[in-house]
Amino acid sequence: MASIYLVQDMINDLIHPDGPNGKQGSGPEAARRNVVPNTAKALEKARKAGIKVGFVRVGFSPDYKECPPNSPVFSRARENGIFQLGTWGTEVHADLKPRDDEFDIVKHRVSPFYGTSLEPVLRANGITRIYCSGVSTNGVVHACVREGHDRDYEIVVLEDCCSAGSPEEHDMSLKVFTRFCKEITTADQVQFS
């Protein structure tokens, strides 16, 4: 069984202390939960196990032509100058630096599947199991879990490599995941295969 570890939306705009959400929004909760160090540990384990790694990043062209104007999540991206591809803000956090042979999957919505290269990457590599984590638990991770399940992938969530806007949102998402995941685990306990 071929596997991939998807690290989702661990970009500077969302989690770096100097990013727009670093001191408010998703940053403080990610810091409290040690999401970056936990993800770095999981990445090291995945790489040692020899499984594929992919980084999912939200972003828009400089003119924001893909940005949905009616989305409560993304509608203010343009006016706030965030999620602009080609800038520091949409780069993966430096502590999680992608390698040249790892996949870069850019998305323009919450889902890592919708309108992206993810499905072709999975099929071309014979992948049937997705390990996933990221920010936010109730956003991109939730979408990955639900859509991955419905596309017949086996899903494993690394819960201590995830965070949401609040502990309550994170915990509520985990309760939902139990119906769709093969396993919910941690960076320390995960067995990549």
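**View 1. Cys161 is buried at 0% relative accessibility.** Buried means under 20% relative accessible area, exposed means over 50%, and partly exposed lies in between, with a 1.4 Å probe and protein chains only. The model is predicted: local features need pLDDT of at least 70, side-chain atom pairs count only at pLDDT 80 or more, and totals for chains, interfaces and linings use all residues. Residues are numbered from 1 along each chain as its sequence is written, and side-chain values use heavy atoms, with hydrogens and water left out.

**View 2. The cysteines form 0 disulfides.** A disulfide is a pair of cysteine sulfur atoms within 2.5 Å. Cys132 belongs to no disulfide. Its nearest cysteine sulfur is that of Cys144, 4.0 Å away. Cys132 is buried, at a relative accessible area of 0%. Cys161 is in no disulfide either. For Cys161, the nearest cysteine sulfur belongs to Cys162, at 6.7 Å.

**View 3. Ala49 sits in helix α3, which covers residues 35–49.** Ala49 is partly exposed, with 43% relative accessible area. Arg151 lies 102 residues from Ala49 along the chain. The C-alpha atoms of Ala49 and Arg151 are 25 Å apart.

**View 4. The protein chain holds 7 helices and 6 strands.** Helices (H or I, at least four residues) and strands (E, at least two) are DSSP runs, numbered from the N terminus. Along the sequence they run β-α-α-α-β-α-β-α-β-α-β-α-β. The radius of gyration of the chain is 15 Å, close to the 16 Å that the globule rule gives for 193 residues, so the chain is as compact as a globular protein of that length. That radius is taken over C-alpha atoms, and the rule is 2.2 Å times the number of residues to the power 0.38. The C-alpha trace spans about 45 × 35 × 30 Å along its principal axes.

**View 5. Buried residues make up 54% of the 193 residues in the protein chain.** Contact means heavy atoms within 4.5 Å. Of the contacts with a separation of 6 or more, 77% join residues 24 or more positions apart.

**View 6. The protein chain exposes about 9200 Å².** Carbon and sulfur atoms supply 48% of this area. Areas come from the Shrake-Rupley method with a 1.4 Å probe; for residues, only the protein chains shown count as cover. The chain carries 23 positive and 26 negative charges, and their mean positions are 2 Å apart. Lys and Arg count as positive, Asp and Glu as negative; His and the chain ends are not counted. Each charge is placed at NZ of Lys, CZ of Arg, CG of Asp or CD of Glu.
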